[in-house]
Amino acid sequence: MRYVLKKLALLLLTLLIISLLAFLAFQVIPGDPTTKMLGSEATPERVAALRAELGLDQPVLARYWHWLTGCFKGELGLSYSYFQPVETVLSGKIQVTAWLSGLAFLLVIVLALPVGVLLARFEGGPVDKAMTVLNQIVMSVPAFFIGILFTYLFGLVLRWFVPGGYVSWRADMGAFLRYMIFPALAVALPKAAMCVKLLRSSILQELDQDYVRTGYSRGRSRGSVLRHHVLRNAVIPTITFLAVTLADIVAGSIIIEQVFSLPGIGRLLLLSISNRDFPVVQVIVVLIASLVVIINFLADISYQYIDPRIRLDR
Amino acid sequence: MKKRRNYNLILGLALTCAMVGLIVMGWLWTPFDPNAMDPASRLQSPSLTHLLGTDNFGRDIFSRVLQGAGATFLIGVAVVLIGGVCGVLIGGFCGYYGGWLDDLLMRSADIITAFPSILLALVIISLIGAGKYRIIIALGVLFIPSFSRLVRGEVARCKSQEYVANARLMGAKDLRVLFVHILPNTFPVLLSSLAIGFNNAVLAEASMSYLGIGVQPPDPSLGRMLSEAQTYFFSAPWYALSAGCAIVLLILGVGLIADGLGGRRRRDRA
Amino acid sequence: MQNAKRIFVLSLCLLLVLAFSACRNNDGDTPEGDAKAGGEITVGIAADLDSSLDPHKSSGAAGTREVLFNVFEGLVKPDTDGNLVPAVASSYVINDEGDQFTFTLREGVKFHNGDPVTAEDVVWSVSRAAGLDTGTPIVNGLDSIASVEATDDSTVVITLKEPNIEFLAYLTVAILPAGYEQQDTAPIGTGPFKFVSRSAQENIILERFEDYWGEPALLDKVTFKIIEDGSALVMALQSGAVDLCAHLTSSQCAELGNMDILQGTMNLVQALYLNNADAPFNDVKVRQALCYAIDKQQIIDMTSDGAGVPLGSSMYPAFGKYFMDELTDYYPYDPDKAKELLAEAGYDESHPLSFTITVPSNYTPHVDAAQIMVDQLSKVGVNAKMEQVEWATWYSDVYQGRKFQSTVCGMDASTMTARAMLERFNSASPKDFINFVNASYDDAFNRAISAKDEDSQLQAYQECMTILTEQAANVYVQDLADLVAINPALTGYRFYPLYVMDLSGVGFRE
C-alpha cells in the first residue's frame with residue numbers, strides 16, 4: 001500500500017513537471033500567438049495592447065502560477081484562437097478521440113484474441129504459416145498508409161462511407177459510428193497484428209511448461225488444456241501490452257485524425273501548436289500525459305502483482 | 001518450430017540485403033538525377049524509362065525511392081542505435097543498482113514518454129534546426145526513455161534469477177555480472193523492440209516531414225514522399241504506392257530479422 | 001502576404017472562367033436568372049478560422065475575413081469589379097479637400113438580432129475600430145480618422161487628420177450593434193447571412209438572413225466544413241460530401257472529374273524575396289542574375305498548369321491601371337546572361353554563389369516554387385539550399401526579425417490601395433522586411449501618397465514599380481491561380497479581386 005501511495009505522489013509530481021515543461025516549451029519555440037490573431041500587418045501598439053490583455057507581458061513563472069491556480073479553480077483559460085474557454089473548445093473533441101481510441105482498442109481485442117489462440121492451437125499448420133506471414137506484413141504497414149488505402153478502397157471505390165463526410169456524434173450516433181469504424185480499423189490493424197504475434201508466442205511458451213505436460217499425461221486434449229490452463233497465464237503479458245497500446249493509440253491519433261479529418265484532440269493539438277495557442281496546447285498536453293502516466297502507473301502496479309519480486313525501492 | 005524461425009530470419013535477411021543493396025546502389029548510381037526536374041514529363045505512369053513513373057515535377061520516382069529509402073534507412077538505424085545504446089546503459093545501471101538515481105532517471109523517462117512527442121520534436125528542432133542529421137539526434141533522444149524503461153524492467157527481473165546469485169557467489173564483480181550475465185539475457189526482448197523502434201522512427205520521420213521539419217526538400221525521404229504523394233493518389237497512384245511499399249518492405253525486413261533472431265523462449269512484451 | 005489578405009481593388013479584375021457552363025450575366029452583380037432559392041450546401045475550407053469572429057479584431061486574419069464577408073458589411077462594400085458601392089450607407093459625399101466624408105444611412109437596414117441600424121451604431125462601430133476612445137486602432141489604417149459624428153438620425157460625418165484620396169476604401173469596416181459584447185463568439189452584423197454556430201476544427205454554420213436590405217441570399221443554410229488535409233479534402237469533394245471549395249491546386253482539381261472548376265487568381269505577388277541588406281544580395285548584379293536565371297513560366301506551368309499570371313514588379317493585374325504589364329518581361333529567362341552577371345559579381349564554378357531559401361512549410365505553392373527555383377538555379381551554377389520552417393517561426397524570424405537571405409512567399413495589399421502594395425519598400429516603413437533602401441524610390445513614394453489628383457498619383461506609383469524592377473529588389477514570379485471546385489448543380493459563384501467568398505448569389509439550378 002505504501003508503495004502505491006508513493007507511486008501516486010510521484011505521478012502527481014510528474015504531471016506538474018510536464019505542465020511546467022509544456023509552458024517552457026513555448027519559450028524555446030519561436031513565434032507569438034498575436035501573429036495569427038492580428039495578422040502580419042498589425043501595428044506594434046496593437047500587438048503590445050493585445051499582449052497585455054492576454055497577460056503575455058508578465059514573466060513566465062508568474063503566468064504558470066496563474067494558470068496552475070486557475071486550473072484548481074476549474075478555469076483552464078481562454079483559447080487565443082477561438083476566444084472561448086478552453087473547456088468549451090475541447091468539449092466534443094475529447095469524445096471523438098475517446099471513441100476512436102475505444103473502438104480501435106475494441107477492434108484490437110476482437111481481432112487479435114481469437115486469431116492468436118487459433119494460430120497457437122494449430123501451430124505449424126498451413127493456416128498458421130500463411131497467417132504468420134500475413135501478420136508480419138500487416139505489422140509493417142504504417143497506420144496512415146492504411147488510412148489512405150482505406151479511404152480510397154472503401155470510400156471511393158466501394159462507397160461504403162463518404163470520405164470527409166464526418167457526422168458529429170451529437171447529430172447522428174449511427175452515422176457517426178459507421179464513419180468511425182474505418183479510422184478505428186486503420187489504427188487497430190497494425191496493433192492487432194502485434195497482439196496476435198505476442199499472444200501466439202506466449203501461448204506457445206506456456207505450452208512448454210511442466211503443468212501442461214501433466215495435463216497431457218492425464219489424457220486431456222490440446223484444446224482442453226489450452227482452454228482450461230494455458231489461456232489464463234498467457235493472457236497476462238497480453239493485457240500489459242494492450243494497456244501500453246491504448247496509450248499509443250491515443251498519442252498516435254494525430255495523423256489518423258488528419259487523414260480522416262476527424263475533429264479530435266490530436267488534430268487540435270497540432271493546429272494549436274502552430275497557432276501558438278498556449279492555453280489549448282497546455283491542457284491537451286496535460287491530458288495526454290496524464291493518460292500515459294496513469295497507464296504506466298497501472299502497468300507498474302500490475303507487474304508487481306504478477307511478479308512480487310519486481311520491487312526496486314528497497 | 002526451429003524450421004519456421006530460420007525461415008523468418010532467411011526471408012528477413014534476404015529482404016533487408018536486397019533493400020540495402022538497392023540503397024547502396026542509390027548512393028552510387030541512379031537512373032536519373034533524383035532532384036532533376038523535367039517539365040515535359042510530369043506525372044507519367046511507370047514505363048521502361050521511368051520504372052516507377054514520375055512525380056509532379058517530372059522527377060524519376062524510382063531514383064527518388066532509392067535515395068529516399070537511403071535517407072529513411074539511415075535515420076531509422078541511427079535513431080535505434082542511439083536510443084538502444086543509451087537505453088541499455090541507462091536501463092542496465094538503473095535496473096541493477098536501483099536507488100535514488102534510478103528513481104530520478106525513470107521519472108524523467110516517464111516525463112519524456114508522456115510528453116506528446118511531436119511537441120518535444122518541435123522544441124528540439126527549434127533549438128538545433130531542421131535537417132537530416134538533426135532529426136536523427138532529435139528522434140534518438142526521444143527514443144532513449146522507452147528503451148531504458150524496457151531494459152531496466154528486464155534487468156530487474158533477471159537480477160533475482162538464480163544464475164545471477166550463483167555468479168555473485170563465485171565472486172563476480174557488479175559490472176561483470178551486469179554486462180556478462182544479465183544484459184545478454186535482455187537482448188531477445190530488446191531485439192524485438194529495436195525492430196519496433198525502427199518502425200516508429202520511420203513513422204516519426206514521416207510525421208515530422210508532414211510538419212515540414214523533417215528532411216528538407218528537394219532531398220527525398222520516404223515519409224516526405226508519401227505525404228506529398230497523397231494529393232496525387234488518383235492521377236498518379238504509383239507515386240504513393242511506391243513510397244508506401246518501400247516503407248513497408250524496409251520495416252518488414254527488419255521486423256522479420258528481429259523475429260528470427262529472437263529466442264523461442266523470450267518473453268515478448270513488445 | 002497570403003495570410004493577411006485584405007485586398008480591395010480599384011479596377012476590373014482579369015478573370016478567366018473555365019468550364020463554367022452557365023455564363024455570367026454582363027453586369028456580374030445580380031444572381032443568375034436560372035438559380036432558385038432554397039437548399040443547403042457544404043463548403044470546404046482548408047484551415048480553421050484561427051481568430052476571434054469579431055470582424056474588427058480579425059481584420060488581419062484572411063480565412064476569417066473570407067467567411068465573415070457574408071455576415072458583415074461596412075458603410076460601403078466592394079463589388080466583383082473592385083469598385084466600392086454603398087451598403088449600410090445609401091450615398092456619400094467627399095468634400096473638396098478630401099478630408100471629410102459625409103454618409104447618408106440607408107433606410108430599413110437591420111442587424112441579425114432584428115434591431116434597426118442607427119447613426120449611433122455607425123459612430124460606435126467606426127470609433128471602436130479606429131480606437132478613438134482607447135488610442136489604439138483595432139483596424140489598421142483607421143488611425144488617420146480625427147473624428148466621427150452623427151449630425152442627425154441618418155447622417156454620419158467622418159473627418160480625417162489629413163487629406164487622403166484613397167481613404168474611402170477603409171470604410172468597408174464592419175458596422176456592429178452599439179455596445180454588443182459577444183462579437184468574439186456570436187457575431188451580429190447586417191450581411192445576407194447570419195451566424196448560427198461554430199465548432200473548433202469542425203464547422204461554421206450560417207443561415208440566410210430574411211430581413212436583408214438588398215437582394216436576399218438564395219441558400220437557406222451554408223456549412224463551412226474544416227478539412228485541413230489536402231487529400232482528405234479532395235476525397236470529400238469526390239464523394240460529394242463537400243459542394244464547393246476554393247484555393248485548390250491544379251493537381252487537386254485534376255482529380256475532380258465530378259466537379260466544375262472555376263478559375264481566378266489569388267491576388268498576391270509571389271516572389272523570391274531577397275534580403276537587400278546583406279551579402280550576397282546587396283549587390284544589384286547578383287539580384288539581376290537571379291532574375292535572369294529563374295524561368296517564371298516554367299514555375300507557373302509546373303505548379304498550376306499555366307494558370308498563374310507572371311509578374312515583374314510588386315503589383316498584380318487586379319489593380320488595373322496600376323499594373324504595368326511591360327515590366328513582366330523586363331528580365332526574360334536567360335541563363336547565359338545570368339552566368340555573365342554572376343561572373344561580373346565575382347562568382348564562378350570554383351567560387352559558386354550559395355544561399356538559403358527559407359519557406360513557410362504550410363504553403364504548398366511556395367514550397368513547390370522554391371523547389372523548382374533550386375533546380376533552375378543549379379543550372380547556372382548557383383547553390384541554393386531550401387529550409388522549411390513553420391509559419392509562426394517564419395513570421396518572427398524572417399518577416400519581423402529580418403534574419404534571412406531569401407524567402408519565397410506571397411505579398412498582397414493589406415488595404416485596398418496601391419499604397420499598401422508599395423509602402424513596404426519605402427525605407428522608412430517598418431514593413432520593409434527585405435531592407436530595400438533607395439532614395440529615389442522613397443521620393444517617388446512620398447510624392448504618390450501626398451498627391452492631390454489621381455493622375456500624378458498614378459505616375460508616381462508607376463515610377464516606384466519601375467524602380468523595384470530595375471533594381472531587381474526581388475525575383476518576381478507570379479500571381480497564383482485560384483481554382484474553385486463547385487458542384488455542377490450549383491450556379492452563381494462570383495470571383496472578387498480580393499480574398500473573400502461571396503455565397504449570396506450561389507444557388508441550385510432550376
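A residue is called buried here if 20 or more other C-beta atoms lie within 10 Å of its own, with C-beta atoms placed from the backbone. By that count, 58% of the 510 residues of chain C are buried. The structure is a predicted model.

The overall dimensions of chain C come next. Its C-alpha atoms fill a box of roughly 75 × 55 × 40 Å along the principal axes.

The secondary structure of chain C consists of 12 helices and 22 strands. Six of the strands make up an open sheet with mixed pairing, and their order is β15-β19-β14-β18-β16-β17. At the edges of this sheet stand β15 (309–310) and β17 (383–389) of chain C; each has a single partner strand, so one side of each is left without a neighbour in the sheet.

Within the sheet, one pairing can be followed down to residues. Strand β14 (residues 269–274) of chain C runs antiparallel to strand β19 (residues 474–479) of chain C, and four bridges join the two. One residue to look for is C:Tyr273, whose bridge partner in β19(C) is C:Asn474.

Helix α6 (residues 296–304) of chain C lies across β15 and β19 of chain C. The helix runs at about 40° to β19(C).

Notes. Residues are numbered from 1 along each chain as its sequence is written. Chains are lettered from A and ligands numbered from 1 in the order in which they are written. This is a predicted model: local features need pLDDT of at least 70, side-chain atom pairs count only at pLDDT 80 or more; totals for chains, interfaces and linings use all residues. A residue is buried if 20 or more other C-beta atoms lie within 10 Å of its own, exposed if 12 or fewer, and partly exposed in between; C-beta atoms are placed from the backbone. Two strands pair if DSSP finds at least two bridges between them. Two residues are in contact if their C-beta atoms, placed from the backbone, lie within 7 Å. Axes are lines fitted to C-alpha atoms, for helices over the stretch in contact, and angles run from 0 to 180 degrees between N-to-C directions.
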